[in-house]
Amino acid sequence: MVKPIREIFKAQTLMGRALRAPRDIVLRGPLTGIRQGQQRFRKEMLDEQKRLREEMSGIYEELSRLRDEVGNLSQAGTGLRIPEKFKKHAAHIDALGTPAETGAMLIEYMCQRLGIADLGKTDVLDFGCGCRFADAIVNKELPIGRYTGIDIDKEMIEFLSRNVSDTRLAFYYWDVQNPLYNPNGEALTSNSSLPVGERDFDLICMFSVITHQLPDDAENLLRILRRYVRPEGRLFFSANIQDMDGDYREMAHRPTLHSAYSAAFLQGLLARTGWKCLSLEGKTPQGVPIQDSFLCAPV
Ligand SMILES: C[S@@+](CC[C@H](N)C(=O)[O-])C[C@H]1O[C@@H](n2cnc3c(N)ncnc32)[C@H](O)[C@@H]1O
């Protein structure tokens, strides 16, 4: 008699608290009391199991709902994660917000200057694009007609091309020389062509690009961009204007780290390259992190 009892306990331990033991072991005579106890225990366990299963199914439903919600949020809010190494703006700008936030601020300011609510119907060329506007447009879901970004940072453009799936946005690498960002690129001339084919745009913008150019390159760029704007289109760009004796000077030890120009020189440059200045605003208007900014139309 001792042996079957030992087997029952062994089965209880092995098979999970007596759930299966009574089915597997034949019990006789004096073991009836034990069997009844086991059956009662088994029934209680099954009831408890059922109750837990129902509770768990409610929890799974709630989990699945939350997972969908998180999934939607992550697609809307963090769809594009820009590696730190591709961030081009000055470090002090970070105090004003994330790159997507300061990018959105700049876009909003530019729209204000253009007299439009947003870029929902605009075909934009962002020249020297960096990552900020792509970050803002994708992660803040800003309205955009079409957005074309051009930059001389190959690795960054490849990253954006691979990681931005919205087909309204496209990115192009342009291998031209800049002392700071691409010293080994091809020499820039006024006849150089942008890598976008036969295109023209409603709006061409350059944020913190002329602030990193030698005077000849600034002139060439303005001349080149003129060929890519629609007749009713606009050019919006920032530049660092300083009072100075000459036309141009570097504000830091390294060429094009902080290129500054006189207002007269830039106005002359615009006139020479086929642009008319519609408005010029000073630095940080309404606290927006931007240098002096020009709104221009093609002449
Ligand atoms: C200070 S970052 C500004 C980036 C972006 N516009 C923004 O505001 O966040 C200057 C950018 O201009 C690009 N750049 C400089 N010279 C260029 C040129 N000749 N053609 C195209 N991009 C240029 C640099 O590679 C860099 O990404």
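**Close-up views of a predicted model**

View 1. The exposed residues Ala 264, Ala 271 and Arg 272 lie on the face of α8 turned away from its buried side. The model is predicted: local features need pLDDT of at least 70 and side-chain atom pairs count only at pLDDT 80 or more, while totals for chains, interfaces and linings use all residues. Residue numbers start from 1 along each chain as its sequence is written. A residue is called buried if 20 or more other C-beta atoms lie within 10 Å of its own, exposed if 12 or fewer, and partly exposed in between, with C-beta atoms placed from the backbone. Helices (H or I, at least four residues) and strands (E, at least two) are DSSP runs, numbered from the N terminus. In α8 (residues 263–272), Leu 266, Leu 269 and Leu 270 are buried. The buried residues of α8 pack against α7 (215–226), β5, β7, β8 and β9. Contact here means that the C-beta atoms of two residues, placed from the backbone, lie within 7 Å. After α8 comes Gly 274, which has a positive phi, near 90°.

**View 2. Strand β9 between its partners.** Strand β9 (residues 292–298) is joined to β5 by five bridges, and the two run antiparallel. Six bridges join β9 to strand β8 (residues 275–281), again antiparallel. Strands pair if DSSP finds at least two bridges between them. Cys 296 in β9 is the bridge partner of Leu 235, and Cys 277 also stands opposite Cys 296.

**View 3. The largest nonpolar core.** This core has 57 residues, of which Phe 127, Ile 204, Cys 205 and Phe 237 touch the most other members. Strand β5 (residues 229–241) supplies the largest share, six residues. A nonpolar core is a set of buried Ala, Val, Leu, Ile, Met, Phe, Trp, Tyr and Cys residues joined through C-beta atoms within 7 Å. Not counting residues up to four places away in sequence, Cys 205 touches Met 110, Val 124, Asp 126, Phe 127, Phe 236 and Phe 237.

**View 4. Helix α6 and its cover.** Met 156, Ile 157 and Leu 160 are the buried residues shown in helix α6 (residues 154–163). Their arc around the axis is only 100°, which puts them on the same side of α6. The cover over the buried residues of α6 includes α5 (132–139), β2 (144–151) and β3 (169–173). Exposed residues Glu 155, Glu 158 and Arg 162 are carried on the face turned away from the buried side of α6.

**View 5. The ligand shell.** Of the 18 residues around the ligand, Lys 88, Gly 128, Gly 130, Arg 132 and Phe 207 come nearest. A residue is near a molecule if its C-beta atom, placed from the backbone, lies within 6 Å of it. The shell has eight nonpolar, six polar and four charged residues. Ala, Val, Leu, Ile, Met, Phe, Trp, Tyr, Cys and Pro count as nonpolar, Asp, Glu, Lys and Arg as charged, and the others, Gly among them, as polar.

**View 6. Leu 257 in its loop.** Leu 257 sits in the loop between β6 (248–250) and β7 (259–261). With 13 other C-beta atoms within 10 Å, Leu 257 is partly exposed. Leaving aside neighbours within four places in sequence, Leu 257 is in contact with Leu 180, Glu 250 and Ala 252.

Methods
The arc is that of the directions from the helix axis to the C-beta atoms.
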